Amino acid sequence: MTKFYKVSKERFVLDGGDADAYDGIALPVRATAGSAGYDFFAPTELKIAAGETVKIASGIRCRMDNDRVLAIFPRSGLGFKYKLALDNTVGIIDADYFGAENEGHIMIKMTNRSDKDLTVAAGKAFAQGIFLAYYLTDDDEADGVRTGGFGSTGS
């Protein structure tokens, strides 16, 4: 099963989202039948000044089978025009993140590396997620259990 959901309003606000924007959060969708990426939409207007870094509470979580991962990238047009980049280069959302203490809330931290300011209107696509299958080694013995969000498995 692979499906997007909204996080709770309480989680969205706790993570920095605007309570008034919650009802307008749109689940990610593909723009065309041939698209690999699911577009993530700005929950509110995003203003990212030249050289500025912002952390965006997407309001989105994703349930997926254990043999899948969701990779998050900036929209290619924004990367090309504004050198918009994710601060962790590629966001990797693991299947067990859905059950994390933060409801699996997908947070996206981006930097505008250009010399011009960027404004993304509320409801417009700014990032995309692509589902990928992955494989494990024959001798894999991972048995840890995720509880937190960013960096929790490596602490």
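I start with Q128, which is buried at a relative accessible area of 18%; buried means under 20%, exposed over 50%, and partly exposed in between, with a 1.4 Å probe and protein chains only. Before going on, the sources. This is a predicted model, in which local features need pLDDT of at least 70 and side-chain atom pairs count only at pLDDT 80 or more, while totals for chains, interfaces and linings use all residues. Residues are numbered from 1 along each chain as its sequence is written, and side-chain values use heavy atoms, with hydrogens and water left out.

Back to Q128. It sits in strand β11, residues 125-133. Strands here are DSSP runs of E, at least two residues, and helices are runs of H or I, at least four, numbered from the N terminus. Which residues does Q128 contact, leaving aside neighbours within four places in sequence? They are G37, Y38, D39 and F40, together with A71, I72, F73, P74, R75 and S76. Contact means heavy atoms within 4.5 Å.

Now the whole protein. There are two helices and 11 strands, in the order β-α-β-β-β-β-β-α-β-β-β-β-β from the N terminus. The radius of gyration is 16 Å, close to the 15 Å of the globule rule for 155 residues, so the protein is as compact as a globular protein of that length. That radius is taken over C-alpha atoms, and the rule is 2.2 Å times the number of residues to the power 0.38.

Of the 155 residues, 40% count as buried. Among contacts between residues at least 6 apart in sequence, 75% join residues at least 24 apart.
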